[in-house]
Structure formats: C-alpha cells, structure tokens
Amino acid sequence: MTGRTHDLAAFTALAGTIALVPLTKLSLATAMVAFSANMIGGLMPDIDQPTADLWHKLPAGGLYSRLITPLLGGHRYISHSILGFALFSFLSYYLLQATSHVLIVDSHLVWWSFLIGYGSHLIMDTLTKEGVPWLFPIPIRFGLPPMKIFRVRTGGLVEKFLIFPGLIIINVYLVYAYHNKFLQLLHHYIR
Ligand SMILES: [Zn+2]
C-alpha cells in the first residue's frame, strides 16, 4: 500500500478505537502528539525501504535511511512481522519513558496510538499481493485473501478506487454513528 493509504488506515483504526473504547481526559498536547504518533506508527514498518515516506518527512532522512534500512534486511522483513512489532513496541515504550520529563504528555495514550498505527500497517499490507512475513524469521508470507490473484497491487487501481475511498466511507460512518462520542471528546475530554 502507498504511504497515503497507510496514513488514512492508521487514522481509521484510531477513529475506530475512539468509537469503541471509553473516553479518558487528555490534554490538547497529548491529543496532538498521539495523533502524530499514530501517523508515524502507520508509516514505521516501511522504514525498511530507503524510499519510505517517513524518511522524506525527517530532516536528513536520506542519511538515516542509508544507515538503518540495511539493518532491517530489506523490504518487508522483520519490521513487517510480529517480532518486529514487539521490537518497535519496546523501543517506542522506552523512548517515551526516556523523554517523559521533556514531553509533558500522557505517554500511555501516545504509545497506544503508535501501536494502533503500526498494527494497521501490517493488516493493510496483508491485503497486498506481496503479503506479510508475520512469523519472521520463518520465511512464509501471509496474505488475505489467501489466493494471491484476489489481493491488491500497491498503488494499483483497486487501492486507489476501492480501498482508499472505502476507508473514507468507514470514517464517515464512524463519525456519523458515534458523533456524540467524538463531540464529547472534542468538547469535554481534551483540555
Ligand atoms: Zn509496508
């Protein structure tokens, strides 16, 4: 999937979570950092390719990409697996802990938001022809549906005209069906 679709998928997963879990009070700063963490999580697994969108968004991203991408073993390896997900969960957790005295936000919410973005990426990539090596280092790629021919080609017509608009429709539905909850979040819970 393209970065644009991953951004939207991460946002959709976050909106779905907000719709389904009980609301908690949070600061505006936490809301903004959590939103950014969700986007970063949604693009993070693709840091294994030097052309990843995330690299372009970082200052001197090209330099880092040349250092880090070889460590991840090539596109769609460890960062696209349960093991990689666990690894990035730990890393982001300790990074948030380490910065907690500088970054005055609810790091727990920010962390969850990052994980939701990351998870959404792996699920979306599972729908593509290449599939995802969920059980890395076992070299099997999983995809849905299991027959490759029915899966999506990255950047292809199905992604552009079915998956992307489909995600927009899901968001419209969520806002419509749970409008009270979203309004409550904006008016009463974010301080
Ligand atoms: Zn990916």
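Colleague: Okay, and what kind of peptide bond joins Phe-136 and Pro-137?

Modeller: That bond is cis, with omega about 10°. Pro-137 lies in the loop between α6 and α7.

Colleague: Before we go on, where do these coordinates come from?

Modeller: This is a predicted model, where local features need pLDDT of at least 70, side-chain atom pairs count only at pLDDT 80 or more, and totals for chains, interfaces and linings use all residues. Residues are numbered from 1 along each chain as its sequence is written.

Colleague: Switching to helices: at what angle do α1 and α7 cross?

Modeller: Roughly 25°, and the axes of α1 (residues 3-20) and α7 (residues 157-177) come within 10 Å. Axes here are lines fitted to C-alpha atoms, for helices over the stretch in contact, and angles run from 0 to 180 degrees between N-to-C directions. The two helices are therefore roughly parallel to each other (angles under 35 degrees count as roughly parallel, over 145 as roughly antiparallel, 65 to 115 as roughly perpendicular and the rest as oblique).

Colleague: Which residues of α1 and α7 make the contact?

Modeller: From α1, they include Thr-5, Leu-8, Ala-9 and Thr-12, and from α7, Ile-163, Phe-164 and Leu-167 are among them. Contact means that the C-beta atoms of two residues, placed from the backbone, lie within 7 Å.

Colleague: Let's pick Ala-9 in α1. Is Ala-9 buried or exposed?

Modeller: Ala-9 counts as buried because it has 24 C-beta neighbours inside 10 Å (buried is 20 or more other C-beta atoms within 10 Å, exposed is 12 or fewer, partly exposed is in between, with C-beta atoms placed from the backbone). Leaving aside neighbours within four places in sequence, Ala-9 is in contact with Gly-42, Ser-120, Met-124 and Leu-167.

Colleague: And how far apart are Ala-9 and Ile-163?

Modeller: They are 154 residues apart in sequence and 9.4 Å apart in space, C-alpha to C-alpha.

Colleague: Last one: how do α2 and α6 pack?

Modeller: Helix α2 (residues 28-43) and helix α6 (residues 107-126) have axes 7 Å apart, at an angle of about 25°. That pair is therefore roughly parallel, too.

How values were computed
Helix = DSSP H or I, 4+ residues; strand = E, 2+ residues; numbered from the N terminus.
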